[in-house]
Amino acid sequence: MSLHLSADEVLSTTRAVRKRLDFTRPVPRGLIEECVDLATQAPTGRNRQRWHFLVVTDDARRTVVADIFRRAVHVAGGQPLTPADVRRMSAHPASMRRIGEGFQHLYDNIHRVPAFVIPAVEGRTDRAGVLEQSMTWGSILPAVWSFMLAARARGLGTVWTTAHAPLERELAAALGVPYEKIMLAAFLPLAFTIGTDFRPAKRVAREQVLHWNEW
């Protein structure tokens, strides 16, 4: 299945989908495999290809994972906002309200999501310095974004979350992941979208983020 979108359309309309995930349609394994094949074409540090994609579709395992997700949300609580965060959020209050409503909807229905995709990377960065952090995350983030773009092109919706992080060790144990060697980098709900008419989002003006030659 393909939406026949241009590269620019895929890049500009791949949204964080929370409220428009279709919980009634299973996602065919073949589509997920296509997205993983494209994801692993992404660049990776020193071509070490340390990435892994753990896909959970089994009903019993999804129930366990959904429970861990919900409990991890409560463990995490809220993170303090920086002045820049507040300024940007205030500029788009309606957007922030929608994000909150969308997350609540996802939280309430996480057990109904037909597939969970958990990107992982070999090596942990818990006590790593900036260099090791950048090399490790730089070896998984491009692949995950490629997965999300490939999903969008096939009528599938995703949202990058890290809600699992406070209970990462428990999630790893539940799925047989060797926690000491493998880091669960993100948690992506995956489903067909309700409608495919996503548009570019409002963003901070280019003048506020683009710097030439100096800050």
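Author: Happy to! Let's begin at the N-terminal end of α3, which is capped by D58: one of its side-chain oxygens sits 3.2 Å from the backbone nitrogen of A60. Please keep in mind that this is a predicted model.

From that cap we can follow the helix along its length. Helix α3 covers residues 59–76, and its 18 residues should span 26 Å at 1.5 Å a residue; the end C-alpha atoms are 26 Å apart, so expectation and model agree.

Now for its two sides. The buried residues of α3 are R62, V65, A66, I68, F69, A72 and V73. They cover an arc of only 165 degrees around the axis, which means that they lie on the same side of α3. Just after α3 comes G77, with a positive phi of about 65 degrees.

Helix α7 (residues 141–153) has 13 residues and reaches 19 Å from its first C-alpha to its last, close to the 18 Å expected at 1.5 Å a residue. Its buried residues include A143, V144, F147 and M148, and among the elements covering the buried residues of α7 are α1 (7–13), α2 (29–39), β1 (51–56) and β2 (115–122). Just after α7, G155 takes a positive phi of about 80 degrees.

Stepping back to the chain, there are nine helices and five strands, in the order α-α-β-α-α-α-β-α-α-β-α-β-β-α from the N terminus on. The radius of gyration is 18 Å, close to the 17 Å that the globule rule gives for 215 residues, so the chain is as compact as a globular protein of that length. Its C-alpha trace spans about 45 × 45 × 35 Å along the principal axes, and 39% of the 215 residues count as buried. Of the contacts with a separation of 6 or more, 85% are between residues 24 or more positions apart. The accessible surface comes to about 12600 Å², with 55% of it belonging to carbon and sulfur atoms.

Terms used: Residues numbered from 1 in each chain as written. Predicted model: local features only at pLDDT ≥ 70, side-chain atom pairs only at ≥ 80, totals over all residues. Heavy atoms only, no water. Helix = DSSP H or I, 4+ residues; strand = E, 2+ residues; numbered from the N terminus. Expected span 1.5 Å × (residues − 1). Buried < 20%, exposed > 50% of the residue type's maximum accessible area, 1.4 Å probe, protein only. Contact = heavy atoms within 4.5 Å. Arc of directions from axis to C-beta. Polar contact = N/O pair within 3.5 Å; in protein donor to acceptor, adjacent residues only side chain to side chain. Rg over C-alpha atoms; globule rule 2.2 N^0.38 Å. Areas by Shrake-Rupley, 256 points an atom, 1.4 Å probe, with all protein chains shown as cover.
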